[in-house]
Amino acid sequence: MDLDAVLLARIQFAFTIGFHILFPTLTIGLASFLLLAEIRWLRTGDGEWKSLYRFWSKLFALAFGMGVVSGVVLSYQLGTNWGGFSTATSNVIGPLLGYEVLTAFFLEAGFLGIMLFGWNRVPRGVHLLATAMVALGTLLSAFWVLAANSWMHTPQGHTLRDGIFYVVDFQAVIFNPSFPYRFAHMAVASYLTTALVVAAVSAAMILRGRRERAVRYGLAYGLVLAALLAPVQVVIGDLHGLNVKQHQPIKVAAMEGLWETTRGAPLVLFAWPDREAETNRYAIEIPKAASLILTHDPDGEVVGLRSVPPGDRPNVPLVFFAFRLMIGLGVIMLTVSWIGSWLLWRGTLLERRGFLRLLAWTGPSGLVAVLAGWVVAEAGRQPWVVQGLLRTADAVSPVTAGPIAASLAAFIVVYLGLLVAFLAYAGKLVARGPQAEGDTPEPKLQMAGRS
Amino acid sequence: MIQADLLPVIWALVIAFAIALYVIMDGFDLGIGILFPFAPSHADRDTMMNSVAPVWDGNETWLVLGGAGLFAAFPLAYSVILSATYIPIIVMLLALVLRGVAFEFRFKAEKSRFLWDIAFAAGSTLAALAQGFVLGAFIDGIRVIDGRFVGGAFEWLTPFNGMTALGLVAGYALLGSTWLIWKTEGGLQRWSRQRARVLLLAVLFFVAVVSLWTPLSHEAIAARWFAWPNLLYLSPVPVVTGTLALLLWRGLGQERELAPFLLTIGLFLLSFLGLGISLWPYAVPPEMTIWDAAAQPESQIFMLVGVVLLIPLILAYTAYSYWVFRGKVGGDFYR
């Protein structure tokens with residue numbers, strides 16, 4: 001296996017999984033948001049909640065479709081790209097992904113049809129159940145896939161014989177040390193991202209003169225949920241960081257740009273990490289702050305990158321900058337959602353066109369932060385695919401660079417085309433906005449399907 | 001240890017069950033995509049797509065279960081088969097992506113609708129072709145040394161595999177057309193009836209070719225079928241297949257609605273059984289058995305618990321969903 005093929009396999013997988021993760025992030029959040037809207041509708045009898053539901057369920061369907069098709073790709077890419085990984089870890093990872101299919105994918109797919117097309121075919125209670133099952137399915141899916149991923153970061157509950165992992169204790173495998181933190185961090189990330197997307201899209205519609213209650217409900221609920229979730233995410237992120245420091249100190253060293261093991265390590269706000277010289281250029285630092293954050297003691301010791309040979313370090317600039325991007329976007333989300341909630345409380349939000357425009361532009365920041373966060377987590381684990389036990393270079397399939405490069409090119413072309421189409425059709429739905437839902441029978445549309 | 005011997009057999013049956021369900025359920029909705037360009041009118045295309053819109057992603061989930069089950073229960077087979085058939089698998093995945101998003105995009109598009117018509121039809125057809133090539137490569141055998149695939153990137157591209165690929169396309173199209181006979185009425189139903197007859201002949205041709213070609217080029221498979229007394233025990237398979245084909249031909253001539261679909265499913269299951277007989281007990285023919293490829297027993301048991309508890313539940317709510325969307329489908333059905 002030549003190195004080019006390894007790199008190409010990584011780029012391809014990073015691209016397909018990075019593309020995929022955007023859509024589950026949205027569907028995890030939107031499914032729960034739809035459940036909330038349906039409960040509000042059934043509780044209050046206010047038809048505006050139903051039109052809000054119908055509107056967001058169309059965007060949900062779009063995102064869900066993208067998530068399904070890009071997810072099917074991943075379940076087979078473990079074999080096509082990572083044959084070595086799947087052979088070595090299948091005893092551990094296989095059952096977890098199997099349970100994801102059995103508990104989550106079927107649940108989502110089984111009830112999605114009723115949720116989208118079943119309004120006039122099932123009683124209201126059954127429809128609510130269908131929405132709840134889809135929402136539960138999205139969370140269960142995250143549960144299993146994050147259990148599998150977390151095991152790759154903090155493996156336990158196994159023995160390793162002749163290069164193959166054997167499970168000793170499944171409970172230990174699933175509830176491995178980083179799992180609770182990573183699951184909480186990702187679940188809250190999905191909710192926060194979606195809350196902000198809902199608020200941003202509603203803001204854009206208000207700017208276009210749509211002022212019906214369905215739109216205003218979306219704006220208010222999105223903003224307040226984001227304002228509540230953002231500080232929760234800060235706390236979870238901090239706890240997760242402490243967990244990473246305990247189990248993957250080199251990843252933290254790359255995140256912090258810390259080369260030497262130091263007592264009283266500074267917090268590097270900005271720098272250019274130079275891998276050759278093993279030092280930071282143009283660094284702007286706050287003395288002792290990294291030690292304070294990571295050890296809750298200004299003179300606490302933080303492990304540096306030089307404590308391991310260069311071959312055992314991740315790509316430092318990549319991890320370093322991705323981490324800063326994630327944190328920066330987190331600060332933006334917190335600030336915007338708090339200002340918005342304050343304006344909402346003051347009752348002047350709808351008149352603040354400048355702020356609404358800012359909010360609309362902030363909409364995608366959660367998605368970008370999620371991508372940046374996954375780059376930190378996954379690139380930070382390199383050169384390992386299973387931390388400390390299996391190297392990425394030993395995990396690839398016996399496929400040569402040619403087919404991988406060709407399929408990578410095909411994935412890029414197809415996925416970018418899909419993204420353009422997704423945005424175009426989502427934009428069209430947004431331009432049309434929510435439609436009033438009375439109890440009178442709806443006019444027949446020429447086309448049905450998932451429209 | 002009995003358990004260690006038996007578990008791979010149980011898992012082989014579980015995966016065979018998932019693949020059979022996949023082939024039948026996604027088979028009819030891929031078949032609709034294959035028939036799509038030939039549909040009599042635009043309105044009929046809407047109806048065809050609507051007939052599978054609420055169920056297609058549940059159908060495709062069986063493919064994911066097949067993949068995840070293979071990965072969990074027979075990891076060596078998973079990595080060998082997917083390495084050996086890298087190109088058709090990737091083509092299948094991309095094709096499934098294109099036809100899958102067409103369900104979402106087509107009804108929202110106006111000027112660009114023809115683009116999603118093409119994506120749906122070409123994606124469905126390519127996915128079926130690619131699956132047929134993988135099937136052929138699997139039957140024909142994969143070169144393995146020390147648990148790793150040692151062949152080239154294009155070993156799957158052979159005349160035999162081309163036959164299985166065309167056979168699968170015809171088979172899916174037959175499933176799709178008999179599904180339409182059941183779910184539609186009027187002109188589209190009549191059209192589907194005519195197409196189904198032609199497709200049935202094509203399917204029988206390909207089944208016959210593959211059934212003869214396989215034992216001729218593989219001595220072990222010939223011995224399995226033609227050695228005495230196997231010949232006696234296995235003779236019902238071709239006999240029942242022929243009977244079902246005859247019943248289907250007659251059912252298409254009469255005004256039967258559900259029977260053609262069920263008979264086509266029967267044909268698929270029998271072909272599947274025939275393959276099973278030929279290839280048992282190999283996870284990767286011609287050498288790696290299901291015992292060679294099996295995961296550790298503890299992992300197989302852990303996931304088997306889930307399968308036993310959850311598959312009945314999944315079948316129940318899937319059946320409920322089909323029941324909710326029962327009856328004939330029109331262009332504006334799901335409001």
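Me: Which residues in H3(B) meet H14(B), and what do they touch there?
Reply: This is a predicted model. In it, B:Gly58, B:Ala72 and B:Ala73 are the H3(B) residues that meet H14(B). Their partners in H14(B) are B:Ser299, B:Gln300, B:Met303, B:Thr318 and B:Ser321.

Me: OK, zooming out. How many helices and strands does chain B have?
Reply: Chain B comes to 14 helices and four strands. Its radius of gyration is 20 Å, close to the 20 Å the globule rule gives for 335 residues, so chain B is as compact as a globular protein of that length.

Me: And what box do its C-alpha atoms fill?
Reply: Roughly 60 × 40 × 40 Å along the principal axes. Of the 335 residues in chain B, 55% are buried. Among contacts in chain B between residues at least 6 apart in sequence, 77% join residues at least 24 apart.

Me: Which residues touch the most other members of the largest nonpolar core?
Reply: A:Ala226, B:Phe74 and B:Ala77, out of 265 residues in that core. Helix H3 of chain A (residues 83-117) gives the most to this core, with 20 residues.

Me: What is B:Phe74 in contact with, leaving aside neighbours within four places in sequence?
Reply: B:Ala283, B:Ile290, B:Ala293, B:Ala294 and B:Ala295.

Me: Switching to the interface: how many residues of chain A are in contact with chain B?
Reply: 63 residues of chain A, in contact with 63 residues of chain B. On the chain A side, the elements giving two or more residues are H2 (47-80), H3, E2 and H13 (401-432). H3(A) supplies the largest share, 21 residues.

Me: What's that side made of by class?
Reply: The side of chain A that touches chain B has 35 nonpolar, 23 polar and five charged residues.

Me: Last one. Where is A:Asp162, and is it buried or exposed?
Reply: A:Asp162 is in the loop between strands E1 (158-161) and E2 (164-167) of chain A. A:Asp162 is exposed, with 6 other C-beta atoms within 10 Å. Its C-alpha atom is separated by 40 Å from that of A:Val414, 252 residues apart along the chain.

Technical notes: Residues numbered from 1 in each chain as written. Chains lettered and ligands numbered in written order. Predicted model: local features only at pLDDT ≥ 70, side-chain atom pairs only at ≥ 80, totals over all residues. Buried ≥ 20, exposed ≤ 12 C-beta atoms within 10 Å, placed from the backbone. Core = buried A, V, L, I, M, F, W, Y, C linked by C-beta atoms within 7 Å. Contact = placed C-beta atoms within 7 Å. Rg over C-alpha atoms; globule rule 2.2 N^0.38 Å. Nonpolar A, V, L, I, M, F, W, Y, C, P; charged D, E, K, R; others polar.
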